[in-house]
Amino acid sequence: MKRTSAGLLALLALIGAGVGYGLDHLLTINGRATFTPSGFLPVLLVLLAVAVLGLAWPVRRSLRGGERIEPFRALRAVTLARASSLLGAILGGFGAGLLVFLTSRPVPPPVGSTVAMVALMVSALVLIGAALVAEQFCT
């Protein structure tokens with residue numbers, strides 16, 4: 001299995017940024033409020049990062065200790081890690097697109113919206129980092 005490439009993550013982040021920017025643009029054109037992600041979403045992303053590392057750690061420990069590990073357990077851990085890195089790239093780009101739209105408007109954005117989007121981007125980066133480390137543990 002090939003590791004997740006940085007190019008794929010960058011491409012997904014660009015697509016997510018375009019979707020986030022486009023969504024806010026469409027909402028604004030239709031006279032609605034811009035989209036603000038939930039404050040709980042960054043917490044969920046960090047919890048997912050912890051879970052990914054928690055599932056990959058026994059695989060790494062068994063590989064370092066020379067023990068035999070069930071191959072399907074390692075496969076499940078590396079698949080979750082890869083999916084999590086892709087999700088983190090998409091959501092990080094989505095948050096960046098939302099933030100770019102808000103900061104490009106002539107009206108200053110509300111502080112709560114800006115903080116929510118920055119928290120989303122930071123937690124997405126944490127998820128990407130943890131997922132790439134977990135993928136390294138399992139391959």
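This report walks through the helices, aromatic pairs and nonpolar surface patch of a predicted model.

## Ground rules

Residues are numbered from 1 along each chain as its sequence is written, and side-chain values use heavy atoms, with hydrogens and water left out. Since this is a predicted model, local features need pLDDT of at least 70 and side-chain atom pairs count only at pLDDT 80 or more, while totals for chains, interfaces and linings use all residues.

## The overall picture

Here you have a protein chain with 4 helices and 0 strands. Helices (H or I, at least four residues) and strands (E, at least two) are DSSP runs, numbered from the N terminus. Reading from that end, the order is α-α-α-α.

Along the principal axes, the C-alpha atoms fill a box of roughly 60 × 25 × 15 Å. Of the 139 residues in the chain, 35% are buried. Buried means under 20% relative accessible area, exposed over 50%, and partly exposed in between (1.4 Å probe, protein chains only).

With 25 residues, α2 reaches 37 Å from its first C-alpha to its last, close to the 36 Å expected at 1.5 Å a residue. That expected span is 1.5 Å times one less than the number of residues in the helix.

There is a kink of about 25° at alanine 56 in α2, shortly before proline 58. The bend at a residue is the angle between axes fitted to the seven residues ending there and the seven starting there. Both Ala56 and Pro58 are on the list of buried residues of α2, along with Pro42, Leu45, Ala49, Val52, Val59 and Ser62.

## Aromatic pairs

The structure holds 3 aromatic pairs. Rings of Phe, Tyr and Trp (its six-membered ring) pair if their centres lie within 6.5 Å; planes under 30 degrees apart count as stacked, over 60 as edge-to-face and the rest as tilted. One of the pairs joins phenylalanine 35 and phenylalanine 94, edge-to-face at 5.9 Å centre to centre with 65° between the planes. Phenylalanine 35 sits in the loop between α1 (6–29) and α2 (41–65) and phenylalanine 94 in helix α3 (residues 71–103), so this pair ties together parts 59 residues apart in sequence. Phenylalanine 35 is partly exposed at 35% relative accessibility, whereas phenylalanine 94 is buried at 14%.

Tryptophan 57 and phenylalanine 137 make another edge-to-face pair, 5.6 Å centre to centre and 70° between the planes. Because tryptophan 57 belongs to α2 and phenylalanine 137 to α4 (residues 111–138), the contact links parts 80 residues apart in sequence. Tryptophan 57 is partly exposed, at 41% relative accessibility; phenylalanine 137 is buried, at 16%.

On the surface, Val46, Val50, Val118, Val122 and Val126 form a nonpolar patch with about 370 Å² of accessible area together. The elements giving two or more residues to the patch are α2 and α4, and α4 gives the most, with 3 residues. Valine 46 is found in α2 and is partly exposed, at 35% relative accessibility. Patch residues have over 30% relative accessible area and no salt bridge; like charges are joined within 9 Å, nonpolar side chains (Val, Leu, Ile, Met, Phe, Trp, Tyr) within 5 Å. A salt bridge is a side-chain nitrogen of Lys or Arg within 4 Å of a carboxyl oxygen of Asp or Glu. The areas come from the Shrake-Rupley method with a 1.4 Å probe, and for residues only the protein chains shown count as cover.

Leucine 125 also lies in helix α4, and is exposed, with a relative accessible area of 61%. Leucine 125 and leucine 9 are 116 residues apart in sequence and 11 Å apart in space, C-alpha to C-alpha.
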